[in-house]
Amino acid sequence: MSESNVRVRIAPSPTGAIHVGLVRSALYNYLFACKHEGTFVLRIEDTDVERSTEKSAQAIIKGLGWLGITFDEGPYYQSQRMGIYKEYAHQLIQSGHAYKCYCTPERLAEERKKAEAQRRAWRYDRRCLALSEEERKKFESEGIKPAIRILIPEGSTTFTDLIHGAITREHKDIDDFVILRSNGVATYNFAVVADDHDMEISHVLRAVEHISNTFKQMLLYNAFGWEIPQFAHLPLILGEDKKKLSKRHGAMSLEEFRAQGFLADAMVNFLALLGWSPGGDREIIPRQELVALFSLERINTSNAIFDMQKLAWMNGEYLRSLGTEQLLAAFKDWLEFQKISLPSEYSSPEFLSRALPLIAERSRTLAEVYEGLLPYVSDELTYDEEGLNKHFRKDPEGAKERLNLYREKLEALPEFNKETAEVVLRELVEELGIKAGLIIHPVRVAVTGRTVGPPLFDCLELLGREKVLERLAKLPE
RNA sequence: GGCCCCAUCGUCUAAUGGUCAGGACAUCACUCUUUCAAGGUGAAGAUACGGGUUCAAUUCCCGUUGGGGCUACCA
């Protein structure tokens with residue numbers, strides 16, 4: 001397969017939230033396709049009619065689109081290819097590679113249970129392989145619909161994984177697995193092979209849990225006489241408890257990350273480095289460079305634990321690197337995603353372009369930016385307990401007096417801005433012969449409710465004189 | 001149980017048959033500073049264990065242990 005014919009795919013089941021494992025697989029496929037100017041196909045595995053929804057399929061497209069991961073082809077839907085699978089399955093019976101099985105699920109389950117009790121591996125015993133025409137007729141007349149099983153030949157199968165190297169498995173360890181259920185619906189391994197063949201997939205990049213499926217799938221390719229794609233099995237992403245990521249891990253869906261205010265570029269950068277490295281010490285790598293640097297050979301073999309702390313750090317790096325305009329756009333996008341609207345007087349670019357950079361500088365996520373913005377856009381202040389204790393309750397009268405003096409100076413100012421606000425504060429400090437902190441800290445608590453935030457005089461300017469005077473007059477208890 | 005995959009600081013990782021085993025996140029200290037961030041400086045912290053091969057192994061081989069995956073008429 002020449003590199004110009006690279007065709008890759010992801011094949012998610014549309015059954016709920018978008019898992020970061022899927023996102024990472026999608027990203028690697030995407031990077032690989034971009035790098036080789038190949039084609040990236042989306043295939044929706046919706047054969048599980050009970051759980052699959054079109055809404056979920058759309059969410060996958062939208063979510064990956066947010067990250068800038070886009071498809072060249074598809075989505076194809078497996079549910080629309082049922083007839084094809086059926087035809088292929090019968091083709092395999094014709095050629096002697098598959099056979100009908102009338103065994104009841106109950107009998108199979110029982111045999112399996114028995115084997116387990118004896119600590120013995122259970123393989124299908126091929127009871128239906130040598131059925132006579134008569135016996136078959138009898139089952140059919142009883143209304144029993146057969147499943148179709150593949151006939152696994154003797155021997156062993158080896159493939160060269162692009163990440164792990166050669167892997168071998170003995171056929172005696174593989175069951176004559178069902179390819180078409182008695183209800184006529186293809187099983188996963190069968191549909192995957194039919195699809196990957198029909199869609200001319202050249203490289204299958206998927207999670208390492210599929211290694212054992214690979215042998216089954218290769219047996220199917222061989223039975224059809226089809227060309228076998230290359231395989232690369234990606235290491236797993238584990239939760240902080242070192243367990244495979246699952247619903248237990250809570251906030252691990254793409255939507256959740258977005259809701260928490262992570263940036264698409266940071267997510268992409270972080271995920272790219274979780275299981276792959278370009279070598280050397282680089283950490284912050286823009287998208288275009290990821291494409292240029294990406295290679296299968298440098299994908300790691302061992303599983304990786306998802307480190308929220310590092311993601312948060314990286315997101316902060318990206319957040320701080322944003323220009324004012326980009327920051328505004330990202331923030332508005334986030335507000336919209338969260339269905340939050342700011343009071344109209346505070347949603348102007350004029351105000352936000354002054355406020356956001358000050359706050360973003362000390363934030364790691366857009367949710368934190370919003371949190372930091374609250375004192376400036378909301379009429380209600382909640383005072384930080386620690387701040388009250390530290391700056392008011394120790395000496396209530398003194399604090400009140402100092403703040404009143406400062407308030408008077410601000411009120412008398414011919415022009416109110418951060419420079420003049422600082423000048424009069426320095427004056428006052430000089431007059432009283434005290435340290436600046438004795439005024440600065442209580443003022444910050446009085447006007448923002450908090451002990452932390454942007455430099456005080458920036459805060460004052462942002463709030464505007466009216467609001468500052470009002471909040472200084474209404475001191476917290 | 002059977003089969004398969006994996007193993008460098010707490011975490012993500014780099015590196016080489018000969019290195020003081022490097023970087024980043026997190027942690028701690030110092031610094032900067034009106035607070036908080038950010039920044040700067042520094043500290044602590046890893047080749048799982050046991051055998052080989054070799055002048056030399058973290059690197060190659062085997063085993064042990066540990067972790068993970070699969071073992072369905074789920075995907």
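V193 is placed in helix 6, where helices (H or I, at least four residues) and strands (E, at least two) are DSSP runs numbered from the N terminus. The model is a predicted one, in which local features need pLDDT of at least 70 and side-chain atom pairs count only at pLDDT 80 or more, whereas totals for chains, interfaces and linings use all residues. Residues are numbered from 1 along each chain as its sequence is written, and chains are lettered from A and ligands numbered from 1 in the order in which they are written.

With 26 C-beta neighbours inside 10 Å, V193 counts as buried; a residue is termed buried if 20 or more other C-beta atoms lie within 10 Å of its own, exposed if 12 or fewer, and partly exposed in between, with C-beta atoms placed from the backbone. Leaving aside neighbours within four places in sequence, V193 is in contact with Q217, L220 and Y221, two residues being in contact if their C-beta atoms, placed from the backbone, lie within 7 Å. The C-alpha atoms of V193 and L271, which are 78 residues apart along the chain, are separated by 28 Å. The buried residues are N189, F190, A191, V192, V193, A194, D195 and D196, and they pack against strand 2 (39–44), helix 3 (82–94), strand 8 (178–180), strand 9 and helix 7.

Helix 6 is followed by E200, whose phi is positive, near 50°, although E200 is not a glycine. Most residues other than glycine have a negative phi. E200 is found in the loop between helix 6 (188–198) and strand 9 (203–207) and is partly exposed, with 13 other C-beta atoms within 10 Å. A positive phi, of about 60°, is also found at R126, again not a glycine; R126 lies in the loop between helix 4 and helix 5 (133–141) and is partly exposed, with 14 other C-beta atoms within 10 Å. A further loop residue, S79, is located between strand 3 (73–77) and helix 3 and is likewise partly exposed, with 14 other C-beta atoms within 10 Å. Apart from neighbours within four places in sequence, S79 is in contact with D46 and T47, and its C-alpha atom is separated by 8.3 Å from that of V49, 30 residues apart along the chain.

Two helix pairs were examined next. Two packed helices are described by the angle between their axes and the distance between the axes. The axes of helix 16 (residues 396–412) and helix 20 (residues 465–473) come within 10 Å and cross at roughly 155°, where axes are lines fitted to C-alpha atoms, for helices over the stretch in contact, and angles run from 0 to 180 degrees between N-to-C directions. Helix 16 and helix 20 are therefore roughly antiparallel to each other, given that angles under 35 degrees count as roughly parallel, over 145 as roughly antiparallel, 65 to 115 as roughly perpendicular and the rest as oblique. Their crossing is left-handed, a term used if the near helix is turned anticlockwise from the far one by less than a right angle, and right-handed if clockwise. In this pair, L403, R407, L410 and E411 of helix 16 meet R465, V468, L469, L472 and A473 of helix 20, and the residues of the contact divide into 6 nonpolar, no polar and 3 charged. In this division Ala, Val, Leu, Ile, Met, Phe, Trp, Tyr, Cys and Pro count as nonpolar, Asp, Glu, Lys and Arg as charged, and the others, Gly among them, as polar.

Helix 17 (residues 418–432) and helix 19 pack at an angle of about 125°, with their axes 8 Å apart, which makes helix 17 oblique to helix 19. The contact is made by K418, A421 and E422 of helix 17 and F457, D458, L460 and E461 of helix 19. E461 counts as buried, with 21 C-beta neighbours inside 10 Å, and touches N417 and K418, not counting residues up to four places away in sequence.

Of the 65 residues around RNA strand B, E45, Y188, E209, S302 and P455 come nearest, a residue being near a molecule or strand if its C-beta atom, placed from the backbone, lies within 6 Å of it. Among the elements that give two or more residues to this surface are helix 4 (105–117), helix 7 (211–224) and helix 19 (456–463). The residues of the surface divide into 24 nonpolar, 22 polar and 19 charged.
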